[in-house]
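Let's take a friendly walk through this structure together, from the whole chain down to two of its residues.

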Amino acid sequence: MDAGMDNYLTKPIKIDRLVEVVSELTGYKIELMAKPNANVINNGSSKYISLDYLYSISGNNKKFEKETIAIFVEQLSSKIKDINNELMPPNTKKLKFLLHNLKSIVGMFFKEDFIPQIEKLEHAAKTDSFTAIHVNECKYIITKIKDGLAEAYLILEGYQKHNA
């Protein structure tokens with residue numbers, strides 16, 4: 001600690017990266033426990049959603065997992081609606097705030113890494129350079145996120161059926 005700040009992690013924090021940085025800085029080899037299968041709840045192949053991060057922090061607490069997924073679904077649904085409302089015409093003040101919040105929500109549960117694309121859109125909104133091209137990119141990302149949201153609903157239904 002006396003040496004100061006040597007590194008940093010951006011949000012959302014990826015457990016694998018956190019362990020890697022702590023291992024490097026302390027000189028101790030840290031190994032993660034095996035992760036549970038993310039498809040256990042919905043008994044199918046998960047195309048968009050990964051529950052690995054949730055499993056790594058839940059301690060196998062199914063109530064916590066179910067509540068977290070419900071919050072994820074609620075927040076993501078709300079953000080998608082809000083972003084769509086601000087796209088035409090683009091309200092850059094609101095979009096930069098909404099896109100910033102979207103990064104954390106999406107980063108925790110999606111297999112595909114949308115963060116760089118969302119950061120690009122957020123930067124365009126911050127610098128008032130949000131063009132029709134950015135609107136189309138945003139619509140494309142929202143479409144992909146909606147597909148993931150539909151999958152998250154199915155996962156949540158699986159929790160409700162198995163833990164009723």
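Among contacts in the chain between residues at least 6 apart in sequence, what percentage join residues at least 24 apart? The figure is 61%, where contact means heavy atoms within 4.5 Å. Please keep in mind that this is a predicted model, in which local features need pLDDT of at least 70 and side-chain atom pairs count only at pLDDT 80 or more, while totals for chains, interfaces and linings use all residues. Residues are numbered from 1 along each chain as its sequence is written, and side-chain values use heavy atoms, with hydrogens and water left out.

Of the 164 residues in the chain, 35% are buried (under 20% relative accessible area, with a 1.4 Å probe and protein chains only).

Now find I80 in helix 3, residues 62-87. I80 has a relative accessible area of 5%, so it counts as buried. Beyond its neighbours within four places in sequence, I80 is in contact with I142, I145, K146 and L149.

Next, look at the loop between helix 1 (15-26) and helix 2 (52-58), where S50 lies. S50 is buried too, because its relative accessible area is 17%. Setting aside residues up to four places away in sequence, S50 touches M108, F109 and K111.

Definitions and conventions
Helix = DSSP H or I, 4+ residues; strand = E, 2+ residues; numbered from the N terminus. Buried < 20%, exposed > 50% of the residue type's maximum accessible area, 1.4 Å probe, protein only.
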